[in-house]
Amino acid sequence: MSWFKRNKGVEKTDDLDLSACFDSFNKHWQQTFEIIDRFQTSKGVIKHDDIVAVINHLNQLIKLLLLDVQSAKSTNQSQCLEYFLRNQLLGKLYSWSLKTDRFKNYLKLEQLKVYGVLLSELRIHQILSDDSILNPLILILNSYDGDCLSVEIEKHLVTVLRQFCVVLSHQPSILCNVLKDNTSNSKCVILSLLMAFIHRDGSIGEEARDALLIFVSLSRQNDTLANIITSKSNVSPVLATGLSGLYSVLPRKLDFENDCYRLSPENIEHVPELNNFLASVELCNAVAKICHKSVYDQLLDYLYHGFLLPVVGPALMQVAEEEVATATVYLDLLLRSVTHPGLLQTFVKFVLCERFEKIKIIELLVNRINSKSFKVCIATLALMETILDLNCEDVMLELVFKYLVPCTHIMLSQRSRIKQVDSYCKSADIFLSLIPDVFKHRNVNSQTLFSEYRCYLNCARIKIAECAIETKHWTYLYDGENPSHVIVETKTNDVENDQNSILSADDSSSGYESFKAMKDIDKMLGTDDSRPADEILSNTSSPCGSDSPTCFIRQSAFKTKEPLTQYPCLGPFLEALFSNLENLPEQDFRINLRLTAVMTRLSMYNKPLIQSLLLNHSMIFQPCIRSLFQILRSLKQTMETKLCSRVEKVKEAESFLIERENKLCNTKCSRSAGEKIPEPFARGETKRRSISVAFGAMFRRNSGNKEAILESTSNGYRYYKENETESLDLPINAIILAEWLKELSAICQEHTIS
């Protein structure tokens with residue numbers, strides 16, 4: 001269709017002589033028909049000149065047809081279109097093209113181009129409702145199914161498929177005609193063709209994914225199409241196995257310029273494998289949002305048994321340090337990329353319940369928090385922060401509450417004080433008093449200090465409010481009384497054995513009431529899907545009692561039993577965090593940044609059991625339980641002892657952190673200067689803006705010192721200034737501790753106000 005490429009469409013001509021247009025249209029068809037008829041009657045050999053003549057006449061026919069339709073007041077007054085449909089020109093042309101031997105594929109491609117023009121230019125006219133247009137199109141599409149196609153044919157084919165799906169979305173009645181030939185043994189040619197391209201990169205893959213989403217969305221109101229997708233197509237298997245295939249080619253080792261061991265849009269931008277994988281994840285997420293319930297259930301099942309279990313699970317169980325850290329980073333990316341509640345349930349159930357080599361994944365991750373490997377440790381902490389950001393009740397029950405609910409960590413006389421509110425913010429004052437005295441050297445006016453602290457207050461206010469909204473549907477209050485500490489039994493094996501299908505993870509509540517809150521937030525932001533909540537959440541919007549068959553953690557955790565005498569403990573997760581915190585002075589500062597971020601995220605929960613543990617300075621615990629305040633007092637003493645005569649080193653560390661923050665910001669700005677970088681991880685906002693602003697503004701001063709250098713040592717890494725041998729690790733960690741204490745103080749104040 002060379003004329004169409006040159007003209008970029010057909011312009012409307014107000015003074016067009018419709019009669020002359022029809023005469024010309026009729027003449028071109030008669031000449032085309034003469035060539036076709038001559039070949040059919042004489043049964044001679046078709047010549048190349050005949051093919052060229054037919055194509056030229058066809059180009060003119062379509063051009064005149066479009067001019068006539070656009071000039072006429074309606075399609076009913078278009079003589080060309082009426083003649084075009086009545087004489088079934090496209091059907092005759094297709095039948096003839098099948099008999100042209102070596103020119104057959106060339107003619108099919110030209111007919112495909114014709115359909116591309118018709119579907120694009122006459123989209124608002126219901127031309128596909130006529131069998132003389134629809135049937136030849138279906139025949140052409142069927143002829144390409146299973147063939148090995150050239151790149152040119154692929155481009156035109158995918159374009160026509162997308163345009164076809166757009167027309168079907170605007171005219172659902174045509175879908176019945178498309179599906180009427182799908183007998184018990186047939187398949188849907190649209191799906192069959194599209195599935196071959198959805199994992200392609202470039203424009204072909206993008207168009208194929210768009211077309212698939214449009215077509216699958218029609219199943220929401222069409223049970224016949226939904227049945228075809230689930231029983232006569234390979235949509236779900238291809239989506240799941242495609243993820244597996246794309247995961248298998250991801251880099252097994254990653255280099256992070258920002259040392260955070262968490263993938264960001266900047267990291268992914270220049271890695272094609274990651275781009276393709278993320279596009280496939282987003283496709284699964286989009287399909288889950290818009291498809292029929294039966295398609296949705298099948299997709300979840302295939303993703304669980306075709307991707308998570310055979311691919312992600314074994315990847316996490318690797319032994320090599322680099323591979324383990326990278327697999328952990330990829331799991332973090334998955335959890336931050338998926339936004340659909342049902343998919344989140346599927347991924348969270350996988351993390352909480354699945355066992356590999358007789359150990360649950362969540363237990364394995366908790367154990368790795370104390371890993372001696374820097375990469376494994378920091379990647380695991382980043383993943384745990386993402387998991388906490390889900391605000392999922394079952395996650396918090398598994399990690400924290402099933403150990404805190406018995407209240408055995410608290411002295412018996414103190415249990416009545418769990419819900420006590422710190423009305424005078426004494427704990428906030430205590431946190432500030434724990435800042436090492438070495439920072440008294442700072443010559444900063446009160447207005448600057450207030451501005452810095454207000455940044456922490458604003459951040460805490462926003463995060464606490466978001467967390468409160470997303471946890472308002474939780475089954476229990478976790479206040480020391482609800483659930484009661486005398487009805488706890490922490491056995492989950494019996495329930496896990498009953499989970500024979502991932503489909504059960506999306507019936508009823510399943511402990512993911514917080515995922516409903518994401519829907520509420522979407523509504524407030526105006527980004528809500530029009531699909532009813534009961535379809536999207538699969539009945540997760542109704543409150544779930546402890547007897548729900550799918551509360552796979554809470555169902556077994558809260559059964560009425562006699563009071564249990566449990567050894568006082570905080571659980572592996574909290575104990576691992578506290579253990580790491582005790583080593584803060586000697587640890588790599590990047591681990592400390594991630595560790596304090598996880599602790600901060602825990603303190604955002606407005607649940608009395610957590611607040612009493614982390615933010616209540618007067619709570620008395622069992623002798624074997626070391627409180628956060630005790631650890632912080634010890635850290636203060638250690639820092640003051642080691643830094644009392646090293647004030648200049650602290651100033652150098654401040655300069656280093658400013659340089660580091662500026663370098664990261666400049667790198668990000670330079671990458672986004674040319675084009676805007678998309679933000680696909682909006683839900684998983686991970687940057688602690690209060691800490692970031694603090695490092696950038698709190699110590700704002702010009703420094704002529706040389707930049708600190710990273711040196712590899714037998715015990716890990718350390719930072720030092722050129723021509724100097726003394727490490728800056730301790731001063732840097734002291735600054736991190738001081739800023740974190742301000743952050744905790746602000747959180748205490750905001751909890752009191754809220």
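Student: Is C176 buried, partly exposed or exposed, and what is its relative accessibility?

Tutor: The model is predicted. In it, C176 is partly exposed, with a relative accessibility of 48%. C21, by contrast, is buried, at a relative accessible area of 4%. The closest cysteine sulfur to that of C21 belongs to C80 and lies 4.2 Å away, which is too far for a bond. A disulfide here requires two cysteine sulfur atoms within 2.5 Å, and by this rule the count is 0 disulfides.

Next, the space inside. There are 6 cavities of 30 Å³ or more in the structure. The second largest cavity holds about 60 Å³ of space. Its lining is made up of W29, T32, V54, L58, L61, F84, L89, L90 and L93. The elements that each give two or more residues to this lining are α2 (18-42), α3 (48-71) and α5 (89-97). Sorted by class, the lining has 8 nonpolar residues and 1 polar residue, and no charged ones.

Helix α29 runs over residues 589-603, 15 residues in total. At 1.5 Å a residue α29 should span 21 Å, and its end C-alpha atoms are 21 Å apart, so the two values agree.

Conventions:
Residues are numbered from 1 along each chain as its sequence is written. This is a predicted model: local features need pLDDT of at least 70, side-chain atom pairs count only at pLDDT 80 or more; totals for chains, interfaces and linings use all residues. Side-chain values use heavy atoms; hydrogens and water are left out. Helices (H or I, at least four residues) and strands (E, at least two) are DSSP runs, numbered from the N terminus. The expected span of a helix is 1.5 Å times one less than its number of residues. On a 1 Å grid over the protein atoms alone, a cavity is a set of points where a 1.4 Å probe fits but cannot get out, and a pocket is an open set with protein on both sides within 12 Å along at least five of seven lines; lining residues have an atom within 4 Å of a point. Grid points are joined across faces, edges and corners, and a volume is the space filled by probe spheres set on the points. Ala, Val, Leu, Ile, Met, Phe, Trp, Tyr, Cys and Pro count as nonpolar, Asp, Glu, Lys and Arg as charged, and the others, Gly among them, as polar. Buried means under 20% relative accessible area, exposed over 50%, partly exposed in between (1.4 Å probe, protein chains only).
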